[in-house]
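Me: I have a structure open and I would like to learn how to read its features one at a time. Could you take me through it slowly?

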Amino acid sequence: IKLNIDDQLIGTSKSLEKPYFRLAGDTLPDISEIRPLSVLKKSLNYCLKKFAKNNDYDYICEQLRSIRQDLLVQRIEDEFCVKVYETHSILAIKHHDLENLNQSMTSLETLYGLNFGVFDHICKFYG
């Protein structure tokens with residue numbers, strides 16, 4: 001299936017955990033593998049609680065990347081999206097993960113520019 005700029009995907013998956021996988025080219029993902037916003041909110045809380053118990057950065061990093069991807073393919077840009085990227089930024093700083101920090105910061109700059117979140121937070125991240 002070719003991507004159409006006007007297509008709005010809404011996922012149907014109920015999974016709280018999902019491995020991150022890179023999407024291939026210009027094909028649409030299977031909506032049964034994408035989580036809708038309501039599930040993504042539950043997923044973030046679930047995964048952060050699990051991370052608090054096991055402190056496994058590889059686990060939380062993969063889960064946050066997966067949540068970010070589900071937000072991206074559904075074109076969700078809102079306060080929750082900011083929360084996900086800010087959370088990933090904070091954890092990436094604590095774990096010296098510059099790659100995911102840079103990815104999150106780039107998206108945060110865009111979201112702050114759309115008046116989501118608090119732009120002053122980005123200054124703290126860069127500091």
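This is a predicted model: local features need pLDDT of at least 70, side-chain atom pairs count only at pLDDT 80 or more; totals for chains, interfaces and linings use all residues.

Me: How many helices and strands does the chain have, and in what order do the elements run?
Reply: The chain has five helices and zero strands, and read from the N terminus the order of its elements is α-α-α-α-α. Buried residues account for 40% of the 127 residues in the chain. Of the contacts with a separation of 6 or more, 61% join residues 24 or more positions apart.

Me: Which residues should I look at in the largest nonpolar core?
Reply: As a general idea, nonpolar side chains tend to be buried together in soluble globular proteins. Here the largest nonpolar core has 24 residues, and those touching the most other members are Ile60, Ile67, Leu71, Phe80 and Val84. The elements that contribute two or more residues to this core are helix H1 (37–54), helix H2 (57–73), helix H3 (79–94) and helix H4 (98–113). If residues up to four places away in sequence are set aside, Val84 touches Leu44, Leu64, Ile67, Arg68 and Leu71.

Me: How should I read the way H1 and H2 lie against each other?
Reply: An angle over 145 degrees between N-to-C directions counts as roughly antiparallel. The axes of H1 and H2 cross at roughly 170° and come within 10 Å, which means that H1 is roughly antiparallel to H2. Among the residues making this contact are Leu40, Leu44 and Phe51 of H1, together with Ile60, Leu64 and Ile67 of H2.

Me: What span should H3 have, and how far apart are its end C-alpha atoms?
Reply: At 1.5 Å a residue, the 16 residues of H3 should span 22 Å, and the end C-alpha atoms are 23 Å apart, which agrees.

Me: What is found at the start of H3?
Reply: There, a side-chain oxygen of Asp78 comes to within 3.1 Å of the backbone nitrogen of Phe80. Asp78 itself belongs to the loop between H2 and H3, and, apart from neighbours within four places in sequence, Asp78 is in contact with Leu37, Leu111 and Phe116. Asp78 and Tyr112, although 34 residues apart in sequence, are 9.8 Å apart in space, C-alpha to C-alpha.

Me: Is His88 buried or exposed?
Reply: Residues with under 20% relative accessible area are called buried, so His88, at 0% relative accessibility, counts as buried. His88 is placed in helix H3, and, not counting residues up to four places away in sequence, His88 touches Tyr57, Cys61, Leu64, Arg65, Arg68, Asn100 and Ser104.

Me: Where are Arg75 and Asn115 found, and what is the phi of each?
Reply: Most residues other than glycine have a negative phi. Arg75, which is not a glycine, has a positive phi of about 55°, and Arg75 is found in the loop between H2 and H3, where Arg75 is partly exposed with a relative accessible area of 43%. Asn115 likewise has a positive phi, near 70°, and Asn115 lies in the loop between H4 and helix H5 (120–126). Asn115 is exposed, with a relative accessible area of 67%.

Key:
Residues are numbered from 1 along each chain as its sequence is written. Side-chain values use heavy atoms; hydrogens and water are left out. A nonpolar core is a set of buried Ala, Val, Leu, Ile, Met, Phe, Trp, Tyr and Cys residues joined through side-chain atoms within 4.5 Å. Buried means under 20% relative accessible area, exposed over 50%, partly exposed in between (1.4 Å probe, protein chains only). Helices (H or I, at least four residues) and strands (E, at least two) are DSSP runs, numbered from the N terminus. Contact means heavy atoms within 4.5 Å. The expected span of a helix is 1.5 Å times one less than its number of residues. A polar contact is a pair of N or O atoms within 3.5 Å; within protein, one must be able to donate a hydrogen and the other to accept it, and residues adjacent in sequence count only if both atoms are side-chain atoms. Axes are lines fitted to C-alpha atoms, for helices over the stretch in contact, and angles run from 0 to 180 degrees between N-to-C directions. Angles under 35 degrees count as roughly parallel, over 145 as roughly antiparallel, 65 to 115 as roughly perpendicular and the rest as oblique.
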